[in-house]
Amino acid sequence: MGVIGRVHSWETCGTVDGPGIRFIVFMQGCLMRCQYCHNRDTWDLEGGKEVTVPQLMEQLVSYRHFFEASGGGITASGGEAALQLEFVQELFAACRAEGIHTCLDTNGMVRKYTPIVDEALAVTDLVLLDIKQMDDDVHQNLVGVSNKRTLQFAEYLAKIGKPTWIRYVVVPGFTDDDDSAEALAQFLAPMANVEKVEMLPYHELGKHKWEALGETYPLDGVAPPKKETMERLKGIFERHGLTVSY
């Protein structure tokens, strides 16, 4: 029997988690506690449902004509997909055998660099890496854990030359200042594997999930960043030679 994965859900025609139209698998479980999390219901490590790779592939291949026409593929997201790398490796290997583009959407919380890390990355075409904040104190306040593992993973991806898009959520009061963007830009500028930085404006579309769980949404009342803010930060990244989108 193959590896069993614990999956929250999947989306058949996603357009914001990697290039083209994508089949997105939302893996269950996460160790970060982002105050703005829009998938609050994926945190529980024991939640979701158990699935096998053949079960997912049966769903996936029926949509492959959409992927092929758009340059899309499959994205393993979450929750945190890196917590289930054995499953991701088997899933992506099956996708590679079908000629389907693979993308790993991760916060980089890789705890041990065992062989499965390289095995999973070997069948990953593109990594979407969320870097929340370079300042560790602010990072811990915003998401509950240190940024050290995330930054180590970013450096590892650069070392092996794995194509990577960096995702940076612009959260008013936490990551929308010039110094935060400048620190991240300086960190990324030497990394030839970083194809672009995706700036994601904060939103509270996941607020209802917190409320459904009987919890208070931590950033209630925080407004999305203004266009002027996004443009200002975009300019900082571009001055360091980075390609930026938002």
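Predicted model: local features only at pLDDT ≥ 70, side-chain atom pairs only at ≥ 80, totals over all residues.
## Basis of the values

Residues are numbered from 1 along each chain as its sequence is written, and side-chain values use heavy atoms, with hydrogens and water left out.

## Overall form

The chain holds nine helices and nine strands, where helices (H or I, at least four residues) and strands (E, at least two) are DSSP runs numbered from the N terminus. Along the principal axes, the C-alpha atoms fill a box of roughly 50 × 45 × 35 Å.

Of the 246 residues, 52% count as buried (under 20% relative accessible area, with exposed over 50% and partly exposed in between, for a 1.4 Å probe and protein chains only). Among contacts (heavy atoms within 4.5 Å) between residues at least 6 apart in sequence, 73% join residues at least 24 apart.

## A buried lysine

Lys132 is in the loop between β6 (126-130) and α5 (136-143). Lys132 is buried yet has no salt bridge, a term that requires a side-chain nitrogen of Lys or Arg within 4 Å of a carboxyl oxygen of Asp or Glu; the nearest side chain of opposite charge, Asp130, is 4.2 Å away. Leaving aside neighbours within four places in sequence, the contacts of Lys132 include Met32, Cys34, Tyr36, Asn107 and His139.

## Salt bridges

The count comes to 16 salt bridges. In one of them, Glu50 pairs with Arg6, with the closest N and O atoms 3.1 Å apart. Glu50 lies in strand β3 (residues 49-52) and Arg6 in strand β1 (residues 4-14), so this pair ties together parts that are 44 residues apart in sequence. Glu50 is exposed, with a relative accessible area of 55%.

Lys207 forms a salt bridge with Asp220, the closest N and O atoms being 2.6 Å apart. This pair links distant parts of the chain, with Lys207 in helix α8 (residues 207-212) and Asp220 in the loop between α8 and α9 (227-239), 13 residues apart. Lys207 counts as buried at 19% relative accessibility, while Asp220 counts as partly exposed at 49%. Asp17, Asp105, Arg167, Lys196 and Glu198 are linked in a network of salt bridges.

Definitions and conventions. Lys, Arg positive; Asp, Glu negative; His and termini not counted.
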